[in-house]
Amino acid sequence: MRHGADGLIAIPIAIPVALGLGARSALAGKQLDAADPTAQALGYVHDATTSDKRTDTSATCGKCQLYTGSDGTEWGPCALFPGKDVNAAGWCTAWVAKAG
Ligand code: SF4
C-alpha cells in the first residue's frame, strides 16, 4: 500500500520586481548651481577660464585635491559640496593641488 503526497499545495512566490526602481539616480550628484550661495562665496565657476580670480591657469576642479570624480568625466563630486557635482573644468578659490 502506498500513500501519495498529493496534499502538497503549490504556493506562488512573489518576486519583488520593483527592487531597485527609482534608486538608480540616488547615488549620482546633481550638478552644482553656480548661483548657489556657497559656490558664489567661493567664486566657483563651471569654466575655470572665465574666472578673474584664478592665478594658476592650469588649476581646475579635475586637478583639485577635493575633487573625487573619475578621470575623463565631465562632472564629479567635490568635498565642499556634498551631494552635488562640480565641473571638472571648473574652479573655485578653495582649490588645492591634487597630491601625486
Ligand atoms: Fe573645484 Fe576644488 Fe573648488 Fe571643489 S574645492 S569646487 S574641486 S576647485
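Student: Where does the ligand sit, in terms of cavities?
Tutor: The ligand takes up the space of the largest cavity. A cavity here is a set of points on a 1 Å grid over the protein atoms alone where a 1.4 Å probe fits but cannot get out, and a molecule sits in one if more than half of its atoms lie within 2 Å of its grid points.

Student: What kind of model is this?
Tutor: This is a predicted model, where local features need pLDDT of at least 70, side-chain atom pairs count only at pLDDT 80 or more, and totals for chains, interfaces and linings use all residues. Residues are numbered from 1 along each chain as its sequence is written, and side-chain values use heavy atoms, with hydrogens and water left out.

Student: OK, which residues are around the ligand?
Tutor: Tyr44, Cys61, Cys64, Leu66, Tyr67, Cys78, Leu80, Phe81, Cys92 and Trp95, each with a heavy atom within 4 Å of the ligand.

Student: Switching to Asn87, where is that?
Tutor: Asn87 belongs to strand E3, residues 84-87; strands are DSSP runs of E, at least two residues, numbered from the N terminus.

Student: And why does Asn87 count as buried?
Tutor: Because its relative accessibility is 10%, and buried means under 20% relative accessible area (1.4 Å probe, protein chains only).

Student: How about its side chain and Ala89?
Tutor: A polar atom of the Asn87 side chain lies 2.8 Å from the backbone nitrogen of Ala89.

Terms used. Helices (H or I, at least four residues) and strands (E, at least two) are DSSP runs, numbered from the N terminus. Buried means under 20% relative accessible area, exposed over 50%, partly exposed in between (1.4 Å probe, protein chains only). A polar contact is a pair of N or O atoms within 3.5 Å; within protein, one must be able to donate a hydrogen and the other to accept it, and residues adjacent in sequence count only if both atoms are side-chain atoms. On a 1 Å grid over the protein atoms alone, a cavity is a set of points where a 1.4 Å probe fits but cannot get out, and a pocket is an open set with protein on both sides within 12 Å along at least five of seven lines; lining residues have an atom within 4 Å of a point.
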